[in-house]
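Dear colleague,

I am passing on the structure below, and after it you will find a short account of what was found. Please read the two side by side.

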Amino acid sequence: MVDFPVDPAVSEGRVPDRAPEGVPELHEVDCPAELREQIETLMGRYPDRRSVSIPALWAVQKLYGWCTPEGIRQAAAVMRVTPAYLEGVATFYDLLHTEPVGNHKVAVCTNISCWMRGGDELLDAFRGAAAGREADVFVSGFECLGACDIAPMASIDERYFGPLETADAQTAIDQLLAGEDVLPEKTLERRGLAGDA
Amino acid sequence: MPETRLLLEHAEDPQLRTLAGYKGYGGYATLQKAYREMEAEEILKQLEESGLRGRGGAGFSMGKKASFLPRGEMDKYLCCNADESEPGAFKDRELMQRNPHQLIEGIAIAAIAADAGHAFIFIRGEYDAQADVLDAAVAEAYDAGYLGENILGSRRDLELIVHRGAGAYICGEETALLDALEGKRGNPRLKPPFPAVQGLYGGPTLINNVETLSNVPRIVAHGAEWFRGYGTEQSPGTKVVSVSGCVRRPGNFEVELGVPTRELIYDLAGGPLDGDVKAFYPGGSSAPVLTAAEGLDLPYSFEAMVEAGSMLGSGSIIVADESVSIPHMALRTARFYHHESCGKCTPCREGTNWTVKMLERVVRGEATPMDLDIVASVQENIIGNCLCVLGDSMAMPVGAMVRKFREEFEQVIAEAGPELDEVSRIAAVQGPAETLGAST
């Protein structure tokens with residue numbers, strides 16, 4: 001018979017090497033009043049306080065630019081959950097960032113319909129146009145954004161634009177950095193129910 | 001071919017999204033009628049008899065789904081699934097952006113039928129502009145007394161919350177949506193119990209798609225018979241069809257169910273960009289692709305698509321013309337599901353991962369035709385073996401592509417990349433021998 005090594009947890013019992021994470025107290029975190037109020041208002045609207053985890057993380061992201069560890073601790077203290085719980089939620093969702101990203105966000109759709117019409121080339125063009133300015137503009141390829149009618153398209157600071165040509169990428173980035181209206185003639189708003197792409 | 005615009009009636013009017021604009025076209029009259037003249041049972045009966053089928057993907061009878069909710073005193077919930085994330089689908093976006101009050105009225109009426117006191121619109125986080133439109137419309141509806149306490153002088157209350165998701169395709173699956181709404185990671189639940197019995201916060205929950213609920217006011221206003229006057233026997237009503245991909249005029253078109261698919265693609269959407277239609281997904285990227293010969297002459301209905309071995313799904317057609325490489329399209333499809341798999345069930349998590357790896361080898365020219373059999377068998381081992389249908393949603397279209405376009409896959413394998421002898425092929429597939437040794 002082979003002697004397999006025995007895990008000490010089996011023979012001696014499991015000894016936790018540190019205290020399990022608790023719910024942070026409000027006085028332990030320096031939660032801005034505005035954030036606290038926002039989350040508490042949300043909690044009052046739902047039958048269960050945990051339901052506000054995504055809206056609370058949106059609020060954290062809006063305040064700090066991304067879901068910072070401290071911001072997560074603050075939201076956790078208001079919600080009476082552990083930071084790990086909220087972190088687990090934040091890492092599940094593509095739009096919540098647990099690492100620093102640029103102030104402006106550009107998501108270029110590379111899914112089937114956009115790919116057929118040049119989505120990959122558009123993503124390359126945006127990456128090229130934003131090169132060196134990553135701290136200001138965060139460019140990422142994204143799964144279907146639900147706007148295949150304006151393919152190839154991009155979501156720029158949460159507004160949809162398309163159909164875009166590769167040349168539009170540089171224009172859009174320049175406008176973003178200059179604080180101007182981005183591609184006003186290419187917004188989803190100005191489009192009809194169907195149109196010639 | 002003309003469109004039949006019911007849901008998209010007056011959609012070009014930018015004022016439609018305001019309460020005044022919507023009421024100008026007779027909006028909220030049905031809600032008043034429902035509160036003043038109708039019993040919950042009567043509304044439920046109209047919905048059941050109308051034969052309205054869910055417009056989110058599964059095509060299940062909406063009235064029947066609502067009738068599964070238990071009666072009696074308990075907290076019940078209504079969730080509107082606005083997490084439209086199926087590649088190719090963009091009709092709910094249009095309906096919410098252009099006519100948010102139609103949806104709110106539908107929710108308010110359906111809540112009477114379901115006896116729900118709390119309703120939620122779970123909208124995908126990417127639809128920020130549409131969520132803003134909904135927020136504004138919901139605020140107007142509260143002010144006008146169509147939502148809130150003692151609606152229209154009745155003893156009924158309804159709280160409606162617009163809940164923004166944060167980017168996860170899986171949240172369109174109804175039990176994952178419930179978990180996300182409860183503030184958890186959006187993992188699907190084991191069924192049964194079905195949400196109608198035990199859903200949000202453990203209470204009976206009715207979950208319907210945006211387009212399904214948007215149909216409710218008209219059905220209750222004009223009756224089930226009127227609704228059945230549109231569409232086919234098994235697919236009554238109209239459908240907002242999103243047509244995209246290689247077509248000249250992509251967009252949303254509302255037609256009666258059962259119209260010729262060819263006319264949808266060639267007439268309304270302007271036909272293919274380059275040459276002829278090669279294949280198309282008839283119901284979003286989860287639907288098994290149909291070749292032009294198989295699909296173009298079918299009526300666009302739930303039953304015809306099922307009979308052809310595919311599905312109507314969310315009613316979204318993605319057209320591939322002759323310029324599109326099917327193996328690359330299969331890879332693009334698989335990558336999406338791999339990225340979106342929540343990782344809970346092994347067949348989906350591993351199956352999507354290996355399918356992507358194998359299809360990458362195919363397009364790099366590092367595969368052998370035998371690998372295509374493995375790709376096909378992996379798909380068969382995913383279908384029906386998971387808690388939800390995300391894995392199936394990759395397995396069905398990818399399996400269909402490998403089966404129907406096998407010659408093209410073999411050609412890509414033969415043409416792409418440098419000529420490899422058998423040993424380097426194995427090395428390319430399995431990695432160098434020492435790595436193999438280390439891992440075993």
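In chain A, strand β1 (residues 104–109) and strand β3 (residues 154–156) run antiparallel and are joined by three bridges; strands here are DSSP runs of E with at least two residues, helices are runs of H or I with at least four, both numbered from the N terminus, and two strands pair if DSSP finds at least two bridges between them. Within this pair, A:Ala107 has A:Ser155 of β3(A) as its bridge partner.

This is a predicted model, in which local features need pLDDT of at least 70 and side-chain atom pairs count only at pLDDT 80 or more, while totals for chains, interfaces and linings use all residues. Residues are numbered from 1 along each chain as its sequence is written, and chains are lettered from A and ligands numbered from 1 in the order in which they are written.

The two strands belong to an open, mixed sheet of four strands in chain A, ordered β2-β1-β3-β4. Because β2 (137–142) and β4 of chain A stand at the edges with a single partner strand each, one side of each has no neighbour in the sheet.

As for the contact between the chains (C-beta atoms, placed from the backbone, within 7 Å), chain A gives 40 residues and chain B gives 51 residues. On the side of chain A that touches chain B, α3 (53–64), α5 (83–92), α6 (112–116) and β4 (159–161) each supply at least two residues.

Finally, the domain assignment, which is automatic or from a database, divides chain A into domain 1 (23–92) and domain 2 (104–189), and the centres of these domains, taken over C-alpha atoms, are 30 Å apart.

Note on methods: Two residues are in contact if their C-beta atoms, placed from the backbone, lie within 7 Å.
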